[in-house]
Amino acid sequence: MQLSLNGKLVSSPRIITKVGEATTIIQKTDDETEQRYIEVTAIDSSILGNKGIMMTFVVGSIGKDGERKILSKPQVFAQENKKAEVTVGHGDNQEMLSLSVVAKRKAL
């Protein structure tokens with residue numbers, strides 16, 4: 001997946017998760033004053049007869065004090081092996097968050 005904030009690519013992690021279970025990654029930011037986390041939960045789904053993977057994300061930051069702040073909770077439906085994107089942000093004062101993913105099923 002790729003995570004961009006205000007048009008700047010900030011993360012390109014690969015995540016493996018079990019269906020229905022949340023998986024979280026934590027990364028340091030450039031200025032190292034806080035950390036950024038991405039949590040994803042994936043489930044098999046279908047929309048209008050199209051089979052795919054519904055992914056629910058929680059994107060946030062962790063301050064020096066350990067307090068978590070949620071930036072966004074986007075969801076995206078992806079057909080397997082096809083890129084899916086979602087962009088969220090409201091008003092002039094909020095960060096524009098873009099998330100693109102390519103979902104693949106993998107037997108564990």
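Predicted model: local features only at pLDDT ≥ 70, side-chain atom pairs only at ≥ 80, totals over all residues.
**Entry 1: Thr 23**

I began with Thr 23 and looked up where it sits: strand β3, which covers residues 23-28. Next I checked its side chain and found a polar contact of 2.7 Å with the side chain of Thr 17. Then I listed the contacts of Thr 23, leaving aside neighbours within four places in sequence. Thr 17 turned up again, along with Ile 15, Ile 16, Ile 38, Glu 39 and Val 40.

**Entry 2: the largest pocket**

I wanted to know how empty space is found, and learned that rolling a probe the size of a water molecule over the atoms shows where it is left. The largest pocket holds about 690 Å³ of space, and 22 residues line it. Which residues lie nearest its centre? I noted Ile 15, Ile 16, Val 102, Ala 103 and Lys 104. Strands β4 (35-47), β5 (50-62) and β9 (97-102) each give two or more residues to this lining, and β4 has the largest share, with four. I sorted the lining by class and got 15 nonpolar, six charged and one polar residue.

**Entry 3: the second largest pocket**

This pocket has about 200 Å³ of space. Its lining includes Leu 5, Gln 27, Asp 30, Arg 36 and Glu 95. Which element gives the most to the lining? I found that β2 does, with four residues. By class, I wrote down five charged, four polar and three nonpolar residues.

Terms used: Residues numbered from 1 in each chain as written. Heavy atoms only, no water. Polar contact = N/O pair within 3.5 Å; in protein donor to acceptor, adjacent residues only side chain to side chain. Contact = heavy atoms within 4.5 Å. 1 Å grid on protein atoms, 1.4 Å probe; cavity = no way out; pocket = protein on both sides within 12 Å on 5 of 7 lines; lining within 4 Å. Points joined across faces, edges and corners; volume = space filled by probe spheres on them. Nonpolar A, V, L, I, M, F, W, Y, C, P; charged D, E, K, R; others polar.
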